[in-house]
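I opened this notebook page to record what I looked up in a single model, working from the overall fold towards individual side chains.

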Amino acid sequence: MGNILFLSGLGLTIGLKSTMQFFTKPKNYKGTISFGAGFFLVLIGWPFFGMLLEAYGFIVLFSGFWPTLVVFLQRIPIIGWIFQQPFVTSFLDRYRGKRVPV
């Protein structure tokens, strides 16, 4: 149920065409196949392995969003100062990519 709601929510948020383009980009094939195979494993009754595969696919698919998430976390009033510390920012700067997610 959660997978269906996730996919429908993504489609409603960015549009059906953009959703299809996102999942069918050649650089996203690995994440799309992993997510789809995990969904299939959950459906046939192997939830543990299916959820692991889905989590891997989710991380691969949305890895381009991590820089945006870091900037958002740095601007939160209470915990933002943790992400603004020099040792944390130097660690996070290594993983900032130039990849545009959608």
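**Basis.** I am working with a predicted model, in which local features need pLDDT of at least 70 and side-chain atom pairs count only at pLDDT 80 or more, while totals for chains, interfaces and linings use all residues. I number residues from 1 along each chain as its sequence is written, and side-chain values use heavy atoms, with hydrogens and water left out.

**Overall fold.** I looked up the secondary structure and found 7 helices and 0 strands, with helices (H or I, at least four residues) and strands (E, at least two) taken as DSSP runs numbered from the N terminus. I then checked the spread of the chain: its radius of gyration is 16 Å, well over the 13 Å that the globule rule gives for 102 residues, so the chain is more spread out than a compact globule. The radius is taken over C-alpha atoms, and the rule is 2.2 Å times the number of residues to the power 0.38. Along the principal axes, the C-alpha atoms fill a box of roughly 45 × 30 × 25 Å.

**Surface and contacts.** I noted that 27% of the 102 residues count as buried, where buried means under 20% relative accessible area, exposed over 50%, and partly exposed in between (1.4 Å probe, protein chains only). The chain exposes about 7,400 Å², of which carbon and sulfur atoms supply 75%; these areas come from the Shrake-Rupley method with a 1.4 Å probe, and for residues only the protein chains shown count as cover. Among contacts (heavy atoms within 4.5 Å) between residues at least 6 apart in sequence, 51% join residues at least 24 apart.

**Record.** I looked in UniProt, where an unreviewed entry lists residues 31-49 and 55-73 under "transmembrane region"; such positions are given in the numbering used here, feature names are shortened, and annotations may be inferred rather than shown by experiment. In the model, residues 31-49 are 84% helix and 0% strand, with the end C-alpha atoms 15 Å apart. For residues 55-73 I read 79% helix and 0% strand, with the end C-alpha atoms 21 Å apart.

**Aromatic rings.** I counted rings of Phe, Tyr and Trp (its six-membered ring) as paired if their centres lie within 6.5 Å, with planes under 30 degrees apart as stacked, over 60 as edge-to-face and the rest as tilted. The count comes to 9 aromatic pairs. One of them joins F48 and F49 edge-to-face, at 5.5 Å centre to centre and 75° between the planes; F48 is exposed at 55% relative accessibility, and F49 is exposed at 52%. Another pair, F62 and F65, is tilted, at 5.6 Å centre to centre and 35° between the planes; here F62 is buried at 9%, whereas F65 is partly exposed at 30%.

Which residues do ring pairs link into a cluster? I found F6, F22, F23, F35, F58, F62 and F65. F6 sits in helix α1 (residues 2-14) and is partly exposed at 26%. Leaving aside neighbours within four places in sequence, F6 is in contact with F35, F58 and F62.

**Loop residue N28.** I placed N28 in the loop between α2 (16-24) and α3 (29-43). Is N28 buried or exposed? N28 counts as buried because its relative accessibility is 1%. A polar atom of the N28 side chain lies 2.7 Å from the backbone oxygen of F22.

Technical notes
A polar contact is a pair of N or O atoms within 3.5 Å; within protein, one must be able to donate a hydrogen and the other to accept it, and residues adjacent in sequence count only if both atoms are side-chain atoms.
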